[in-house]
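This briefing is intended to be read alongside the sequence and the coordinates. It is grouped by topic.

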Amino acid sequence: MGVNTRIYLAVATISLLLVLDITFTQHNNTILHESLALQAETEHVKLYYDHIGRMIIQAADLGLRGYALVPEDRLGTPMSHALAWKDSIFDNVEVPLKKMHYDMTQFHALRDSINAYVAFTFYMRQLVDEGRRDEFTKLFLEDRGATLWFQYEQCEKNIKAFADLVHAREHNRYEAALTRNLRLQILLFILCVPTLLYTAWRTRQSFMLGEKLRETEASRNAMLLDQNTLLEHQVMLRTRELAAQNEEIIAQTEELATHRDKLEDEVRARTQALEQNNRELIDQNHQLEQFSFIAAHNLRAPLARIMGIAMLLELTDDKEEQKTLREQILTSANDLDEVIKDLNVILELRRNTGNFSLVDLHTSLDRAEKMLARELEQTQARLVYDFTAAPQLYAVAPYIDSILFNLVSNAIKYRSPERTAAIHLRTLHQDDMIVLTVEDNGLGVDLEKHGKDIFNLYKRFHRKIDGKGLGLYLVRSQVTSMGGKIEIESTPGQGTTFKIYLRNSQSTL
């Protein structure tokens, strides 16, 4: 196959690839737009499904409870809002779900149940207006809202799982379209550049050859010697010029390589920082979601008890029973106060995250020992520590005090009844971090079963031992706010080890 034939084939192939590139680019752009639209639809479904719980179920329930306590129209307004908004909210969920071919059976059942519950709240309001308190109380104690909420949560799990599946599928299509575009562009580049370079070289060679032939024919033998001398001189000058240019190009290439390495290091560092920030944002969003969910539920429970007992207090004339009901109201109020205090502790934690200083671990542990002196003496627990590797940390002092207090307190509280509690604390260096370990020989935790919830708010794993499930949540939050991380190793019946990774004071200061 001749040179010209190969060039023509390469040009034809490039032309065909350009046509294919335009066609595939248009097709891939269509896929990208469709994928982004479906991903937006899934987020739309999640948002409006959350409105079903907050703006319909909870609004109807809140309006009924408020009107039952004080039968005024302004307190029953949430019921009217729930009735006015429910059809619009349901349509905003149902329409995109049908587009995505979701099985609507469970959703329609939930819609019917919510419509029935809204109607039921208005019937309960009518009972209050008519003074039929006994019938109201009997129906109220059936707690139909709890059953409806359970049905809502079950449907929510299925819809969110389906939405996540659609989102993942469309994301994969999006990534595949981008990959196809990239591969086609690379193939086009690989074929075009060598072909163009080869064509330019062949054209230049042909031009130079023709020029030399014309000069040779014109000058004949008489000009041959002079022409050779001139050519030799030109070649020498060109060689020197090319040598100088080559040295300049080599220097520029080395400078560009050095600059490229610096840019790659900077991009790599910034990418790692962005990834770390992204992980921290995801973790903070998860904690905020958990905080808002628990705040809503833990505040609602004692408040609902107070409202129910207050209603019963209005319905009875028995002095003893009234006294008992008042004591129950006081107990529920104390429970509500405890929840509010816990939430204040968490909010205070989120406000105080910047007062870093050198913290002496011996001093912090001494304060924890003094606060736990009675528990250590009663249990005869042994506290052994070795901070030789890193006696000081660059951290927030109150956080270190709280972390040591909570971990030592947990080790005492969850000690094994079969042996004397032994708690070992030590520090060591690992890369650019300082690791603080707290190891005990207590009851331990089944991490396969409870590992994902170990640091969550109000999570407890030994029901026979008193506690609120707040300590480990505070420890993890304080460690994270100082830019560190915490790990746990535990074997049921043998003990637990916590490892806290914090910045090295020498590398930070």
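The model is predicted. Helix α10 packs against helix α12, and helix α3 crosses helix α4.

**Strand pairing**

- Strands of a sheet pair through backbone hydrogen bonds, in either a parallel or an antiparallel sense.
- Strand β4 (residues 422–430) pairs with strand β5 (residues 433–440) in the antiparallel sense, over 8 bridges. Within this part of the sheet, H429 stands opposite I434 in β5.
- Strands β5 and β7 run antiparallel and are joined by 7 bridges. The bridge partner of V438 is F498 in β7.
- Strands β6 and β7 also run antiparallel, and 7 bridges join them. Here E487 has K499 in β7 as its bridge partner.
- The hairpin of β6 and β7 has 3 residues between the strands. In this hairpin, G493 takes a positive phi near 85 degrees.
- Strand β7 (residues 495–503) is mostly covered, with 7 of its 9 residues buried.

**Helices α10 and α12**

- Two packed helices are described by the angle between their axes and by the distance between those axes.
- For helix α10 (residues 397–413) and helix α12 (residues 471–481), the angle is about 150 degrees and the axes are 9 Å apart.
- The crossing of α10 past α12 is left-handed.
- On the α10 side, the contact is made by Y399, S402, I403, N406, L407 and N410. They meet G471, L472, V475, Q478, V479 and S481 in α12.
- By class, this contact of α10 with α12 comprises 6 nonpolar and 6 polar residues, with no charged residues.

**Helices α3 and α4**

- The axes of helix α3 and helix α4 (residues 133–140) come within 8 Å and cross at roughly 150 degrees. The angle makes α3 roughly antiparallel to α4, because angles over 145 degrees count as roughly antiparallel.
- The crossing of α3 and α4 is left-handed.
- From α3, the residues F120, Y123, M124, L127 and V128 meet R133, E135, F136, L139 and F140 in α4.
- The contact of α3 with α4 has 8 nonpolar residues, 2 charged residues and no polar ones.

**R125 in helix α3**

- R125 is found in helix α3 (residues 105–129).
- The relative accessibility of R125 is 15%, so R125 counts as buried, the cut-off being under 20%.
- Leaving aside residues up to four places away in sequence, R125 touches L64, Y67, D73, G76, M79 and S80.

**E175 in helix α5**

- E175 lies in helix α5 (residues 144–219).
- With a relative accessible area of 36%, E175 is partly exposed.
- E175 and L32 are 143 residues apart in sequence, and their C-alpha atoms are 8.7 Å apart in space.

**Positive phi in loops**

- Most residues other than glycine have a negative phi.
- H101 lies in the loop between α2 (77–99) and α3.
- H101 counts as exposed because its relative accessibility is 73%, where exposed means over 50%.
- D143 is located in the loop between α4 and α5.
- The relative accessibility of D143 is 35%, so D143 counts as partly exposed.

Note on methods. Residues numbered from 1 in each chain as written. Predicted model: local features only at pLDDT ≥ 70, side-chain atom pairs only at ≥ 80, totals over all residues. Heavy atoms only, no water. Pairing = 2+ DSSP bridges. Helix = DSSP H or I, 4+ residues; strand = E, 2+ residues; numbered from the N terminus. Axes fitted to C-alpha atoms, helices over the stretch in contact; angles between N-to-C directions. Left-handed = near helix turned anticlockwise from the far one by under 90°. Contact = heavy atoms within 4.5 Å. Nonpolar A, V, L, I, M, F, W, Y, C, P; charged D, E, K, R; others polar. Buried < 20%, exposed > 50% of the residue type's maximum accessible area, 1.4 Å probe, protein only. Parallel < 35°, antiparallel > 145°, perpendicular 65-115°, else oblique.
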